[in-house]
Amino acid sequence: MSDGVALFGGTFNPIHAGHLRAAEEVLKALKLRQIIFIPSAIPPHKSEAPLAPAEQRLAWIKKATAEYPCFSVNSLELEREGPSYTVDTLLAFQRKLAPERPIFLLGWDAFCHLGTWHKPEQVLELADLVVLTRPPCDVLSFEGNLPPLFSGRATLEDEGRLLRTTFDSEPKGRASGWVRLLPIQALEVSASEIRERLRKGGSVRYLLPDSIRRDVVESGFYSDANRDESSTQ
Ligand code: ATP
């Protein structure tokens with residue numbers, strides 16, 4: 001697996017050093033040519049957290065990745081109406097990248113909830129998945145750690161780090177793909193922690209990339225004063 005393109009979807013509310021460092025680790029480990037960040041417009045799993053407007057989150061990602069040609073941003077999910085379903089994004093990229101098959105990146109926490117996503121079987125049909133370890137949970141094998149979605153539909157290889165999947169899928173019939181667990185040197189940074197620090201007026205230096213830190217702080221999206229308006233966007 002080399003010279004491919006990987007898609008990194010998420011809320012990026014806001015993008016932070018943990019996302020960027022994880023993407024860099026994957027780029028090097030899998031020898032990819034490009035990682036495309038894809039912010040969701042409306043995350044399907046509703047959260048109480050204040051959500052900065054999608055255009056703003058997109059602008060932060062653009063600025064944070066501007067100087068690195070291996071990283072780019074795609075606004076496709078912002079151009080669609082309704083919730084941002086990964087399956088729709090993968091369908092669009094399948095056409096765009098053909099005959100290359102997309103790789104979709106996600107953290108271990110997100111992978112554990114894959115069964116609750118919209119059409120998870122079709123997600124596995126359309127892309128191969130790379131699951132990144134994320135502290136504090138540093139799982140080193142899928143063995144004994146698989147979500148129920150995979151019961152009877154997957155076999156383990158490579159000391160439990162590679163999952164070969166086979167699903168009955170409409171309208172194509174049997175579909176197969178793979179999911180690789182990739183242990184990386186991840187940073188223990190989360191957007192929730194950053195939002196909480198900003199809410200309290202604390203420092204986010206070195207947690208957010210320098211190029212966007214001032215923009216994020218000055219936007220006030222995560223401060224208490226702005227909470228009522230921003231949470232409805
Ligand atoms: P929140 O704290 O609001 O849940 P988050 O930091 O987890 O946000 P998302 O935008 O939801 O950020 O994450 C997008 C993807 O990046 C997810 O698949 C998530 O697991 C992964 N991810 C986020 N932070 C890290 C990190 N520090 N290391 C590795 N992967 C990460």
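Modeller: A helix here is a DSSP run of H or I, at least four residues long, and helices are numbered from the N terminus. The model is predicted.

Biologist: In which sense do strand E1 and strand E2 pair?

Modeller: E1 covers residues 5–10, and E2 covers residues 34–39. Six bridges join them. At one of the facing positions, Gly-10 stands opposite Pro-39 in E2. The sense of the pairing between E1 and E2 is parallel.

Biologist: What is the hand of the β-α-β unit made by E1, H1 and E2?

Modeller: Helix H1 spans residues 17–29. With E1 and E2, H1 makes a β-α-β unit. The crossover is judged with the strands pointing away from the viewer, and a clockwise path from the first strand over the helix to the second counts as right-handed. The unit of E1, H1 and E2 is right-handed.

Biologist: Which residue of E4 does Phe-8 stand opposite?

Modeller: E1 also pairs with strand E4, which covers residues 103–107. That pairing is parallel and has three bridges. In E4, the residue opposite Phe-8 is Leu-105.

Biologist: How far apart are the end C-alpha atoms of H1, and what span should its 13 residues have?

Modeller: The expected span uses 1.5 Å times one less than the number of residues. For the 13 residues of H1 that gives 18 Å. The end C-alpha atoms agree with this, because their separation is also 18 Å.

Biologist: How many of the 13 residues of H1 are buried?

Modeller: Buried means under 20% relative accessible area. Among the buried residues of H1 are Ala-17, Gly-18, His-19 and Leu-20. Glu-24 and Glu-25 are on that list too. H1 is largely enclosed by the rest of the structure, because its buried residues number 10.

Biologist: Which residue with a positive phi follows H1?

Modeller: Most residues other than glycine have a negative phi. The residue after H1 has a positive phi, near 50°. That residue is Lys-31.

Biologist: What is the relative accessible area of Lys-119?

Modeller: Lys-119 sits in the loop between helix H5 (108–112) and helix H6 (120–126). Its phi is positive, about 50°, although Lys-119 is not a glycine. Lys-119 is partly exposed, with a relative accessible area of 44%.

Biologist: Does Tyr-206 count as buried or exposed, and at what relative accessibility?

Modeller: Tyr-206 is in the loop between helix H7 (191–199) and helix H8 (210–219). Its phi is positive, near 70°. Exposed means over 50% relative accessible area. Tyr-206 counts as exposed, at 67%.

Biologist: What is omega for the peptide bond that joins Ala-98 and Pro-99?

Modeller: Most peptide bonds are trans. The bond between Ala-98 and Pro-99 is cis. Pro-99 is in the loop between helix H4 (86–97) and E4. For the bond from Ala-98 to Pro-99, omega is about 5°.

Biologist: Where is the place of Pro-136?

Modeller: A cis peptide bond runs from Pro-135 to Pro-136, with omega near 10°. Strand E5 covers 128–132, and strand E6 covers 154–157. Pro-136 is in the loop between E5 and E6.

Biologist: What is the N to O distance in the salt bridge of Glu-25 and Arg-21?

Modeller: Both residues lie in H1, four residues apart, about one turn of the helix. Glu-25 is buried, with a relative accessible area of 18%, whereas Arg-21 is partly exposed at 36%. A salt bridge needs the nitrogen within 4 Å of the carboxyl oxygen. For Glu-25 and Arg-21, the N to O distance is 3.0 Å.

Biologist: Which residue is linked with Glu-196 and Arg-199 in a network of salt bridges?

Modeller: Glu-196 and Arg-199 lie in helix H7, three residues apart. Their closest N and O atoms are 2.8 Å apart. Glu-196 is partly exposed at 31%, and Arg-199 is partly exposed at 28%. The network also links Lys-200.

Biologist: How far apart are the closest N and O atoms of Glu-218 and Arg-214?

Modeller: The two residues are four apart in helix H8, so about one helical turn separates them. Glu-218 is exposed at 59%, and Arg-214 is exposed at 60%. They form a salt bridge with the closest N and O atoms apart by 3.9 Å.

Biologist: To how many salt bridges does the count come?

Modeller: Side chains of opposite charge can pair when their charged atoms come close. With the cut-off of 4 Å from nitrogen to carboxyl oxygen, the count of salt bridges comes to 14.

Methods. Residues numbered from 1 in each chain as written. Predicted model: local features only at pLDDT ≥ 70, side-chain atom pairs only at ≥ 80, totals over all residues. Heavy atoms only, no water. Pairing = 2+ DSSP bridges. Buried < 20%, exposed > 50% of the residue type's maximum accessible area, 1.4 Å probe, protein only. Salt bridge = Lys/Arg side-chain N within 4 Å of Asp/Glu carboxyl O.
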